[in-house]
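Student: I am new to this one. Could you show it to me and walk me through it?
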Amino acid sequence: WRSSTDVGRRRGGSEADSAPSLEQRVQTMQRDSDTYCDEPADLEDFEAWEATFALESMSSEVDQILVSNSFMRELQSRIVPLVVEYDAFWTRYFYRLHNLKVEFGVAAASSEPASLPKYSLGEEEAKQTV
């Protein structure tokens, strides 16, 4: 037997509880092959963003992602350079990450990507989504 209160709790509570967090959206983005293999949908916005982006300045962030996230390490080893070049893989990744940060209010739309707060999933966080 279940009370109506129990049923209400099981259905999820408030809408805020069911909205995905930035971390969850990053995990989803990391597992989406479109992130790396397809040109961004808004090519004009991507090109404007890319003009301010220097992948070379993100090498420590790339290294940190590869060390702390086995999924990203495995994905890169499987598709670079067979499916997509290294520069395109990481540039598209950081563009999508930038857009998520803008969406969540963590970054301003006009910020230079290299100056944004860094975010990547660690090993334990990545395992939770598998």
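Tutor: Helices (H or I, at least four residues) and strands (E, at least two) are DSSP runs, numbered from the N terminus. This is a predicted model, where local features need pLDDT of at least 70, side-chain atom pairs count only at pLDDT 80 or more, and totals for chains, interfaces and linings use all residues. Residues are numbered from 1 along each chain as its sequence is written, and side-chain values use heavy atoms, with hydrogens and water left out.

Student: Where is Asp42 found?
Tutor: Look between two helices, H4 (34-37) and H5 (43-50). Asp42 sits in the loop between helix H4 and helix H5.

Student: Is Asp42 buried or exposed, or partly exposed?
Tutor: Buried means under 20% relative accessible area, exposed over 50%, and partly exposed in between (1.4 Å probe, protein chains only). Asp42 has a relative accessible area of 43%, so the residue is partly exposed.

Student: How are the rings of Tyr36 and Phe89 arranged as an aromatic pair?
Tutor: Rings of Phe, Tyr and Trp (its six-membered ring) pair if their centres lie within 6.5 Å; planes under 30 degrees apart count as stacked, over 60 as edge-to-face and the rest as tilted. The structure holds eleven aromatic pairs. In the pair of Tyr36 and Phe89, the centres are 4.4 Å apart and the planes 15° apart, which is stacked.

Student: How many residues apart are Tyr36 and Phe89?
Tutor: Tyr36 lies in helix H4 and Phe89 in helix H8 (residues 86-103). Their pair links distant parts of the chain, 53 residues apart.

Student: Why does Trp49 count as buried?
Tutor: Trp49 counts as buried because its relative accessibility is 5%.
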